[in-house]
Structure formats: structure tokens, C-alpha cells
Amino acid sequence: MEHRVVITGIGIYSSIGESIPEVLTSLKEGKSGIIYDELRKEFGYRSCLTGFVKDPDLKPFLSRRERIGMHQPAMFAYMSTKEAVEMAGLDADFFENNETGIIFGNDSTAGAVVETIDKARQRKDTTLIGSGDIFQNMNCTVNMNLSTIYKLKGINLTMSAACASGSHSIGMGYLLIKQGLQERVICGGAQEINIYAMGSFDGLGTFSIRHDAPHKASRPFDRDRDGLVPSGGSATIIIESLESALKRNAKIYGEIVGYGFSSNGDHISNPNFDGQYRSLTMSMKQAGLTPNDIDYINAHATSTPVGDTTEAQVIAGVLGSKIPVSSTKSMTGHECWMAGASEVVYSLLMMQNDFIAPNINFENPDEDSSKINIVPEFREAKIDCFLSNSFGFGGTNSSLIIKKFKL
Amino acid sequence: MNRAEIIETTKRFLSEEFEVDPNTIEPENNLQETLDLSSLDYVDLVIVIEENLGFKPSAEDFKSVATFEDFYQMVEVKMAE
């Protein structure tokens, strides 16, 4: 028997807000979370632009032992998960007695690793590194920390799939629940923002250098874009079987109805029409929907010419030119490992509150973006169903389709 | 460093590192229970001792330590070496 999979909690800690209410306001206002970071200049970055998220003070919430294994990915993830868990009406006592899994997207721990290696080099004695570093250094840091804090007893798995990590985490959780292997999974994505995390990416020359206007720098689909802006934080989505949600009397924020995925099998960094096309069509086929059923597309579009162009071609080819499209990365920057999860949160907020968040800085289309319906300003709109794309280095693609819940 | 200085210094860095009320650090109290030390925390205990007192105790050194009084004695011995 297949199970319907619904969303019962969301949480967000991002450059456009540290909670759902703050982010909702920012999405409506088209607020940019991008800043100029002096530290990046000193470090030798080509681009000094980044989405900014402050390190949260977790001392009021967690013991020393619980905090000591956390660096930015886990710290950010705790904040978004705390909000989602509370929204879902859950807590550690519930999790201890009701099997719940966690599949979280994360693909780096650069800041933590550099700090550990610095200590080891300075002290020349590994026994003086400290007991928390190993739990900060491993890529599964979010899973290790949150599963311990929340006493989770189900699937415990980190999803590392570059900039599609967050999206695949939701997709994989969806499949496990659909098949009846899990009742409830905490999904999400986290992204560190320290200077060590993005230096090598910056070195590829793909980041915007519009230093004189940080808020204008991330401009997906715009003819005059000059690259992406890295960003970070964390987003959490709690998903569960419809039976579980109804039994708990939980509020339902949406239903996952389609998950498509593919690998390009091509270049390590360049996108590829065929791979994206297969991911999109797989999600549509699985959901049993036609383009007329989709009311909004949250594009992956990162503000790089080659990425935006390919996605515009795929959207036009698979879904046509009429469906409203926006890339919330125009406001947040590219939240990388977190993006697939955060963009589901942003889109759910739009669906719940009847609006489409603007693709800010979209002033002039190019040949391909002129063929899709990009929304440059806040627009009131009724959304019953949306599609969210995520594409990553190595050619990993993920597409999720989520509908407004109807019994 | 005399005994009073050892008590004052260790009370400060132990309460800061392990986030306990300094008033709970009394000679007759059990060190592991008072500081809520798991096996992992002993790694950090060694580090704060090394950073604040300049020596690195071994696992062997902790074998005779149950109370803070035992701990102060161990510190005195090690600092005298």
C-alpha cells in the first residue's frame, strides 16, 4: 500500500529572515539578504558578496555537550529544525516513543575542518584538539547532532548532492514514507557561510562582482547578470504519512505528489538540457499532472548565464511559457546545499499566503528567459500546486512537486 | 602555586568550561558527577588543564581522582614535578 505524504512543519534560518514570519515579510517585500563582506576581501576572494546569516547563540537551548559538536551547518540546522518541530507540535519526548527519521542535506564542513587543522598544526598533538571537533568535521554533522538532541530513532542519513542536497533530502524522505518504511522524516538542508566554505568556488570566477550594489548582484534570468552570490543558513521540512498526521491532528501545509531525479552523466560543472529535462518530466509523470496543473515554478536559476539559460529552455520545453516562474535566489543568493529545502519553504509560504515572491533584479530578459513567464514583482496569486527545481555540480538534478492539501 | 591558588584557578576554568555553578565545586564533591563528565569530556578536561596550568595529565593521573580534593592533590603533585 502506498501512503500519501504531507508536510506538517517548516522552519527557516536564512539571509532574508531567521524565522518563518520574518521570511514571509521579506518574500513579500522582495528584500535582498546580500552583503559585501570585508573578510572575503582580506582572504583573497574575487567576489566579496555573500548572503549573511549570523551564528545563533544556542546556549539558552542546548547543553555544552550538545553544542560542542556543532559548527555552522549544525547550528543553523538546529535553529530551522527547532522552529519546524514546534510548528509540527512535536518534541523529543514524542520522538523517543514514535519512530522518526532524519535525512538532511549537507555537502561541506570546511570552516570546522580548517579550524581543527589549525589547532592540530599549532599544538602538534591530536589529543589537544578537543572532543567536539570530530562531530563538527564530518559531513553528517547535522544528522549526528540533531538525531542525538531530538532522540530520533528512524532513518539517519545525510544527503550530499551538491546544490540539490536539500531537494533530494525531501525526495528521499518522501519515497520512504510513500513506501511505508517510515512514518515521519525530518528533512532539510544546511549551508555554512564562513570564508573557508566558498573560496574554491569563488576561484572558478562564477560569482558576481557587482560590489557597488550587493542587493542588485543576484539577478537570475536577467540579461545583465554576472554570476551567482553564495549564501547559506538552513531550512527544515517535516514530512509524514497522511495517516500519521491525521492521527496526531496535525495541521497540514501541503502534500508532496512528485519527485523526479536524474544525473547528467556529462560535464562536472556545466548544466545539461537532457538531465534537467528528465528530472522535470519524471516528477510530472510521477505526480500524474499536466502543465495546466502547475501554478508556480520556483526555479533553480542561480544568476549564471549558462545555468539560467539551460533551465529556461527546459521549463519552456516541458511546461510551456505561461506558468509564473521566479527564482528566490534573486533575494537570498544561492543557498547551495540548503537551497532545495529552503526554496520549498519559500514556495509553501507563497502557497499558504496567496502570492508569488518576486524574481527581483529581473529587468531585461535574454533570448531564453523571454520565453518563460518570469515574475519580477510581488504578485497576488492563488497557488494550488508548485514545482521546485534544484540542480547541482556533478550533474545531479531534483524536481519536487507539492500541492495544497485536500483530503 | 599554593593550594588556595590551585582551588581558585581550577574553580574558575572548570566552571567556565563545563558550565557549572562554581559553588558546586567543593573539595568533598565528586568531580565527575559535579562536572557531569562523560568519557568524551575528559579530553576537554585535559585540554583546559594544559592551557591553564601548563601540564598535560595522563589517564593514569586520573585513576586516583574521585573528589575535587583528590584532584587538587593530583595537580599539586604534577605541578611539583
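This is a predicted model: local features need pLDDT of at least 70, side-chain atom pairs count only at pLDDT 80 or more; totals for chains, interfaces and linings use all residues.
According to the domain assignment, domain 1 of chain A covers 5-248 and domain 2 of chain A covers 258-403. Their C-alpha centres are 21 Å apart.

The strands of chain A were examined next. An open sheet is formed by 11 strands of chain A, in the order 5-4-6-7-1-8-15-14-9-10-12, and the pairing is mixed. Strand 5 (156-159) and strand 12 (373-374) of chain A are at the edges with a single partner strand each, so one side of each has no neighbour in the sheet. In general, strands of a sheet pair through backbone hydrogen bonds, and the sense may be parallel or antiparallel. One of the pairs joins strand 9 (residues 296-298) and strand 10 (residues 324-326) of chain A, which run in the parallel sense and pair over 2 bridges. Opposite A:Ile297 stands A:Val325, in strand 10 of chain A.

Helices of chain A pack on this sheet. Helix 4 (residues 72-87) of chain A touches strand 1 (5-14), strand 4 (101-105), strand 6 (184-191) and strand 7 (233-241) of chain A. The direction of helix 4 of chain A makes about 135° with that of strand 1 of chain A. Helix 9 (residues 165-178) of chain A also packs on the sheet, touching strands of chain A that include strand 5, strand 8 (254-263), strand 14 (385-392) and strand 15 (396-403). Between the direction of helix 9 of chain A and that of strand 6 of chain A the angle is about 170°.

A:Phe405 lies in the segment after strand 15 of chain A. This residue has 16 C-beta neighbours inside 10 Å and therefore counts as partly exposed, since a residue is buried at 20 or more such neighbours and exposed at 12 or fewer. Leaving out residues up to four places away in sequence, A:Phe405 touches A:Val6, A:Ile252, A:Gly254 and A:Glu255. A:Ile252 is 153 residues away from A:Phe405 along the chain, yet their C-alpha atoms are separated by 6.8 Å.

Chain B contains 5 helices and 0 strands, giving the element order α-α-α-α-α from the N terminus on. With a radius of gyration of 11 Å, close to the 12 Å that the globule rule gives for 81 residues, chain B is as compact as a globular protein of that length. Along the principal axes, the C-alpha atoms of chain B fill a box of roughly 30 × 25 × 20 Å. Of the 81 residues in chain B, 15% are buried. Among the contacts in chain B with a separation of 6 or more, 52% are between residues 24 or more positions apart.

Between the two chains, 6 residues of chain A are in contact with 10 residues of chain B. On the side of chain A that touches chain B, 3 residues are polar, 2 are charged and 1 is nonpolar.

Note on methods
Residues are numbered from 1 along each chain as its sequence is written. Chains are lettered from A and ligands numbered from 1 in the order in which they are written. Helices (H or I, at least four residues) and strands (E, at least two) are DSSP runs, numbered from the N terminus. The radius of gyration is taken over C-alpha atoms; the globule rule is 2.2 Å times the number of residues to the power 0.38. Two residues are in contact if their C-beta atoms, placed from the backbone, lie within 7 Å. Ala, Val, Leu, Ile, Met, Phe, Trp, Tyr, Cys and Pro count as nonpolar, Asp, Glu, Lys and Arg as charged, and the others, Gly among them, as polar. Two strands pair if DSSP finds at least two bridges between them. Axes are lines fitted to C-alpha atoms, for helices over the stretch in contact, and angles run from 0 to 180 degrees between N-to-C directions. Domain bounds come from an automatic or database domain assignment.
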